[in-house]
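Reader: I have the entry open and would like to go through a few local features with you. Could we start with a strand pairing and then move on from there?

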Amino acid sequence: MIMESFPVGPLQCNCVVLGDEQTREAVVIDPGDEPEAIEEVLDQHHLKVREIVHTHAHIDHILGADRLRRERGGTIGLHDADRFLWESVPMQASFIGMRAEPLGAVDRSLKGGDRVRFGRHELEVIETPGHTPGSLCFLLQGRPPLVFSGDTLFLRGVGRTDLWGGSYPAMLASIRDRLFSLDEETLVHPGHGPATTIRDEKRGNPFLPDIARLPDA
């Protein structure tokens with residue numbers, strides 16, 4: 001399998017390109033900006049975009065999606081609960097001193113248990129609300145498994161919840177119940193910064209005391 005992860009945009013969102021070496025089908029996770037850089041990676045590996053999926057709809061994770069779809073095809077997938085953020089891109093941009101045009105329509109509603117297929121491979125969609133109401137993670141089985149955690153779980157950190165629709169208790173519950181239940185060998189590729197593992201975060205994440213104080217589900 002082909003995998004390229006690289007930061008894009010002023011907020012350095014980690015965009016991920018996954019490709020099947022036989023079919024050359026690809027999925028792009030969180031094309032937050034710099035679509036030309038994403039296209040260079042696609043060209044380097046001779047990949048054709050099948051799906052464009054988003055862990056959530058904050059502007060730094062979605063801004064390049066519309067152009068990428070126009071230029072390279074594919075369908076855009078997002079959880080329904082984050083559509084209000086997708087539709088408010090101009091407002092989001094104004095908050096950080098930018099200007100942005102509205103994005104086109106979302107093609108596919110993603111929910112927990114859905115599969116995102118590219119060639120012989122597939123991502124399993126995991127619902128992890130909290131950072132935003134519709135935050136998702138994407139699990140790729142393998143040795144070891146990989147999970148693309150967006151802005152829910154970071155190396156020694158968790159996502160902020162003081163923006164539109166965020167909920168700190170919901171995010172911690174998502175980490176405890178959905179992410180910390182994964183195989184401890186699972187590699188975690190977050191939306192910003194370096195990778196980690198589920199084992200390392202279960203042992204050393206400084207937010208563990210808050211997670212431990214959550215009421216039982």
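Reader: Which residue stands opposite E122 in β8?
Author: R117 stands opposite E122, and the strands here, like the helices, are DSSP runs numbered from the N terminus, with at least two residues (E) for a strand and at least four (H or I) for a helix. This is a predicted model, in which local features need pLDDT of at least 70 and side-chain atom pairs count only at pLDDT 80 or more, while totals for chains, interfaces and linings use all residues. Residues are numbered from 1 along each chain as its sequence is written, and side-chain values use heavy atoms, with hydrogens and water left out.

Reader: In what sense do β7 and β8 pair, and over how many bridges?
Author: The pairing of β7 with β8 (residues 121-127) is antiparallel and runs over four bridges, where two strands count as paired if DSSP finds at least two bridges between them.

Reader: And what is the strand order of the sheet?
Author: The order is β7-β8-β9-β10-β13-β14, an open sheet of six strands with mixed pairing. Its edge strands, each pairing on one side only, are β7 (115-118) and β14 (196-197).

Reader: Switching to cysteines, how many disulfides are there?
Author: The count is zero, taking a disulfide as a pair of cysteine sulfur atoms within 2.5 Å. For C13, the nearest cysteine sulfur is that of C15, 6.8 Å away.

Reader: Where does H56 sit?
Author: H56 is in the loop between β4 (48-53) and α2 (59-62), and with a relative accessibility of 1% H56 counts as buried. Beyond its neighbours within four places in sequence, H56 has contacts (heavy atoms within 4.5 Å) that include D30, H61, D82, H131 and D151.

Reader: Last one, α1: which of its residues are buried?
Author: In α1 (residues 35-44) the buried residues are P35, I38, E39, V41 and L42. They lie on the same side of α1, because they cover an arc of only 155 degrees around the axis, the arc being that of the directions from the helix axis to the C-beta atoms. On the other side of α1, E40 and Q44 are exposed.

Reader: What covers the buried side?
Author: The cover over the buried residues of α1 includes β1 (2-8), β2 (13-19), β3 (25-29), β4 and α3 (65-72).

Definitions and conventions:
Buried means under 20% relative accessible area, exposed over 50%, partly exposed in between (1.4 Å probe, protein chains only).
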